[in-house]
Amino acid sequence: MIDVKHARANADRLKEIVRLRKVDPAKADVDRWLALDDERRRLQWDIDQVNSEKKKIAALGRSDPDSARRKGQELRERSRELEAEMGAVIREWTALMDWFPNLIDPGMPEGAGPEDNVEECAWIPGRGYLDSAQLGRGDHSAEFMPPRPIHAGGEEFAPRHYTELGEMLGGVDTLQGGKVSGSRFAYLLGDVALMQMAIHRLLTDELVRRGYTPMVPPLLVRERALYGTSHFPEGRDQVYEIKTHNVEEPIPLFLVGSSEPTNFSYFMDRTLEESELPFRVFAATPCFRSEAGSWGKDVKGIKRVHQFDKIEMNAVCTPGQSDGVYAEFSEMNEWLMQQLALPYRIVDKCTGDAGYLASYRQRDVEVWMSGSGEFMEVMTDTNTSDYQARRLKIRYRGGDGNLRHCHTVNDTGCAMGRMLIAILDNYQQADGSVRVPDVLRETMRKDRLTPKRTEVER
RNA sequence: GGAGGAAUGGCCGAGCGGUCGAAGGCGGUGGUCUUGAAAACCACUGUGCCGGAAACGGCACCGGGGGUUCGAAUCCCUCUUCCUCCGCCA
């Protein structure tokens, strides 16, 4: 949520941001909110006056209980009416404000959708960064990216789709996953499962080396955790709700779609010391997503599934630190992509495509699938400034002794399923085998994944 | 699952239904004293909202919610959390 006073004083800018971020103007109705805000303040003033009277009457009660009783009863009635009125106003006022997007970084590109995202950089293993002239908006750099599987050597062949490779290797089983759990569920097994573990090891070692605090969080959370990071109310339809029975407390719990809400909620209602900021954590957890609204999209394979594993990086920091952490996370993303020798680009997300309401600035890392000739999103780095910290009440005491809201920054360390897809695609060989990226060979104790079947039976 | 007890400010800990935002202590900040430090002494020391340029003023908050009352930290109901004992499970 944004600062109430700021919203009131900068209503025109807020309306503009609602438009730029493509938020439903009926849900984030700024004019209605302003009217309610006036109402709220008027009522608060009235309530304060009545309470002040009540206090005086209470004192009078010692000397003259009878007249105090008479006046006091009237005041109590008045007070109850005002409180009821206030309750209704606050409910609507809050509901509108829940849909106000965060302020946006002055540097965030303006645009309508993904076609207006700005390419920050693009990198190709063995070649390095593209020239800035080769970058642009939308998919400008695509024509400069490798046209065929980049780790396949010189031999000419028709690249296989990763879903086919996964099945041939006997490492991705969506059929049995579907039988056990339904569509968009899969088993990973054998070398592909092993490869996920190796990536996990590679990244966690590095994060620990860099001083990030490992965290194993709860995955079933109460509503407030998801509200706090602004995954609610906006993304409510993306989340699995668990109807809890046979438990102590029969309230709904929700399966997290990312460990971000549960990781940041570790800090909620807390006041941190400035000296311990930035506080960086990472967690490796399963993530659960309903994918409502994209049924029928990416139905094959494991690109878009209801459950996947992800390493998430989160930081709680001061306002002065968030830009730096945002850059640091991006650098961490590039480190992993380069370690795995995968071609990628980074795009600066435009106002029309900048993700959830909390975004102040956001960039995506997209791996280049050299086998299938397309980019695929694998990481999202987001500076949410104080938006989430406000909702979660995460504050710090500054050197001057004053309390301020922290900033929060989050980034995907590694989305496992998609990273595996990217490796299968980029490291595929003519015979359907897949080379193991150099950096994973020692952990996996092998340098090649070999097909169990030469072709997929369908 | 059963039986008890508890929840007060950064921490510890008082608090007969009325003048309690709340004693006292610890911690913290500033000052006096000292060459410096310690000790001692003095003062200040919660958060949020509203009004105000500010000084300052008003209101709310004693685990959460509701109730009784002219008036609630104090009484009642309820929820949550923690502790002790019994049982069960790992």
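These questions and answers concern a predicted model of chain A.

Q: What makes up chain A in terms of helices and strands, and what box do the C-alpha atoms fill?
A: Chain A has 13 helices and 19 strands. Along the principal axes, its C-alpha atoms fill a box of roughly 100 × 55 × 40 Å.

Q: How many of the residues in chain A are buried?
A: Of the 458 residues, 51% are buried. Among contacts with a separation of 6 or more, 71% are between residues 24 or more positions apart.

Q: Why is W93 called buried?
A: Buried means under 20% relative accessible area. W93 has 9%, so W93 is buried. The residue sits in helix 4.

Q: Which residues is W93 in contact with, leaving aside its neighbours within four places in sequence?
A: W93 is in contact with V4, W33, L36, D37 and R40. Of these, W33, L36, D37 and R40 are listed among the buried residues of helix 3.

Q: How do you know that the span of helix 3 agrees with its number of residues?
A: At 1.5 Å a residue, the 34 residues should span 50 Å, and the end C-alpha atoms are 50 Å apart, so the two agree.

Q: What do the buried residues of helix 3 pack against?
A: They pack against helix 1 (4-9), helix 2 and helix 4. The buried residues of helix 3 include V30, L43, D46, I47, V50 and I57.

Q: Where do helix 2 and helix 3 meet?
A: A11, L14, K15 and V18 in helix 2 meet V30, D31 and L34 in helix 3. The residues of this contact divide into 5 nonpolar, no polar and 2 charged. The axes of helix 2 (residues 11-20) and helix 3 (residues 30-63) come within 10 Å and cross at roughly 145 degrees.

Q: Why is D98 said to have no salt bridge?
A: A salt bridge needs a side-chain nitrogen of Lys or Arg within 4 Å of a carboxyl oxygen of Asp or Glu. D98 is buried yet has no salt bridge, and R391, the nearest side chain of opposite charge, is 4.0 Å away. Leaving aside neighbours within four places in sequence, the contacts of D98 are with Y227, P233, L357, Y387 and R391. D98 itself is in the loop between helix 4 (65-97) and strand 1 (118-124).

Q: What makes the peptide bond between F232 and P233 cis or trans?
A: Omega is about 0 degrees, and the bond is cis. P233 is in the loop between helix 8 (223-228) and strand 7 (240-242). The bond from L277 to P278 is cis as well, with omega near -5 degrees. P278 lies in the loop between strand 9 (271-273) and strand 10 (279-288). Most peptide bonds are trans.

Q: Why are R184 and S385 counted as buried?
A: The cut-off is under 20% relative accessible area. R184 is at 7%, so R184 counts as buried. S385 is at 6%, so S385 counts as buried too. R184 is in the loop between helix 6 (174-181) and strand 4 (187-188), and S385 is in the loop between strand 14 (374-383) and helix 11 (387-392).

Definitions and conventions
Residues are numbered from 1 along each chain as its sequence is written. Chains are lettered from A and ligands numbered from 1 in the order in which they are written. This is a predicted model: local features need pLDDT of at least 70, side-chain atom pairs count only at pLDDT 80 or more; totals for chains, interfaces and linings use all residues. Side-chain values use heavy atoms; hydrogens and water are left out. Axes are lines fitted to C-alpha atoms, for helices over the stretch in contact, and angles run from 0 to 180 degrees between N-to-C directions. Helices (H or I, at least four residues) and strands (E, at least two) are DSSP runs, numbered from the N terminus. Contact means heavy atoms within 4.5 Å. Ala, Val, Leu, Ile, Met, Phe, Trp, Tyr, Cys and Pro count as nonpolar, Asp, Glu, Lys and Arg as charged, and the others, Gly among them, as polar. Buried means under 20% relative accessible area, exposed over 50%, partly exposed in between (1.4 Å probe, protein chains only). Lys and Arg count as positive and Asp and Glu as negative; His and the chain ends are not counted. The expected span of a helix is 1.5 Å times one less than its number of residues.
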